[in-house]
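Reader: I am new to protein models. Please show me how to read one, feature by feature.

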Amino acid sequence: MYVDLATLKAALGITDSDRDVLLSQAIEAASASIDERCGRTFGRDEEPSPRVFSVRGRVVRQEDCTHLLMIDDVADLDGFKVETGGPDDWTEITGYETAPDNAIARGRPVTGLVRPFWSSVGKVRVTAVWGWPEVPAQIVQATLLQASRLYRRKDSPEGVAGSAEWGLVRVPSLDPDVRALVEPFRLTGFGGA
């Protein structure tokens with residue numbers, strides 16, 4: 001979860017603990033919906049673990065004629081290892097670069113491996129600390145907005161909210177500010193609509 005309970009309570013001006021369960025549910029749902037929209041998670045694993053990737057359909061040919069193998073987000077290169085082969089016979093390889101350049105130093109994850117070619121390889125096993133180096137500020141803010149909105153949604157049954165000043169209004173499915181905050185983090189072809 002990308003926002004803690006105390007932060008959401010402060011944003012909503014809530015000082016008691018009577019609604020903590022509802023607020024926690026809103027935080028969990030908001031975090032999950034942002035993950036779904038972006039097609040990725042922004043947390044970080046504690047330890048390196050292996051994941052296997054089929055090369056087919058995950059390689060992009062670059063302008064310099066090298067090939068970029070797209071992998072899941074990598075938060076840290078400690079314990080990072082790349083192997084080819086499968087399922088019981090893996091061989092560690094070298095001669096690749098991580099991409100994008102300087103990603104982790106800029107607070108972004110490594111998302112690909114570059115080498116002259118991947119075509120002779122069927123599967124790649126990557127051992128890494130998966131996730132993001134830290135949760136981006138935009139994701140934290142989007143989660144706070146969405147969790148606040150989900151909590152208040154109990155007061156707008158049937159998706160309609162209103163007041164005496166401006167009348168009734170249908171509540172849109174996704175807050176425009178949340179959409180704008182998470183859009184740069186969506187994985188093309190993987191994130192939800």
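**Reading the model**

Author: We start with the largest pocket. The residues of its lining divide into five nonpolar, seven polar and seven charged. Ala, Val, Leu, Ile, Met, Phe, Trp, Tyr, Cys and Pro count as nonpolar, Asp, Glu, Lys and Arg as charged, and the others, Gly among them, as polar. This is a predicted model, in which local features need pLDDT of at least 70, side-chain atom pairs count only at pLDDT 80 or more, and totals for chains, interfaces and linings use all residues. Residues are numbered from 1 along each chain as its sequence is written, and side-chain values use heavy atoms, with hydrogens and water left out.

Reader: What is a pocket, and which residues lie nearest the centre of the largest pocket?

Author: On a 1 Å grid over the protein atoms alone, a pocket is an open set of points where a 1.4 Å probe fits, with protein on both sides within 12 Å along at least five of seven lines; lining residues have an atom within 4 Å of a point. Here the lining has 19 residues, and Gly39, Ile71, Asp72, Asp73 and Leu187 lie nearest the centre. The volume is about 410 Å³. That is the space filled by probe spheres set on the grid points, which are joined across faces, edges and corners. Strand E3 (residues 67-86) gives the most to this lining, with four residues.

Reader: How many helices and strands does the protein chain have?

Author: Helices (H or I, at least four residues) and strands (E, at least two) are DSSP runs, numbered from the N terminus. The protein chain has four helices and nine strands. Along the sequence the pattern reads α-α-β-β-β-β-β-β-β-α-β-β-α.

Reader: At what angle do H1 and H2 pack?

Author: Two packed helices are described by the angle between their axes and the distance between the axes. Axes are lines fitted to C-alpha atoms, for helices over the stretch in contact, and angles run from 0 to 180 degrees between N-to-C directions. Helix H1 (residues 5-12) and helix H2 (residues 20-38) pack at about 105 degrees, with axes 10 Å apart. H1 and H2 are therefore roughly perpendicular (65 to 115 degrees).

Reader: Which residues of H1 and H2 meet?

Author: Contact means heavy atoms within 4.5 Å. Leu5, Leu8, Lys9 and Leu12 in H1 meet Asp20, Leu23, Ser24 and Ile27 in H2. By class, this contact has five nonpolar, one polar and two charged residues.

Reader: Is glutamine 146 buried or exposed?

Author: Buried means under 20% relative accessible area, exposed over 50%, partly exposed in between (1.4 Å probe, protein chains only). Glutamine 146, in helix H3 (residues 137-152), is buried at 6%. Beyond neighbours within four places in sequence, glutamine 146 is in contact with Ala30, Ser33, Leu174, Asp175 and Val178. In the protein chain, 38% of the 193 residues count as buried.

Reader: Where is glycine 122, and which residues does it touch?

Author: Glycine 122 lies in the loop between strand E6 (110-115) and strand E7 (123-130). Its relative accessible area is 48%, so it is partly exposed. Not counting residues up to four places away in sequence, glycine 122 touches Phe53, Ser54 and Val55.

Reader: What about the backbone? Which peptide bond is cis?

Author: The bond from alanine 99 to proline 100 is cis, with omega near -5 degrees. Proline 100 is in the loop between strand E5 (97-99) and E6. Asparagine 102 is in the loop between E5 and E6. Asparagine 102 has a positive phi of about 60 degrees, although it is not a glycine.

Notes:
Parallel < 35°, antiparallel > 145°, perpendicular 65-115°, else oblique.
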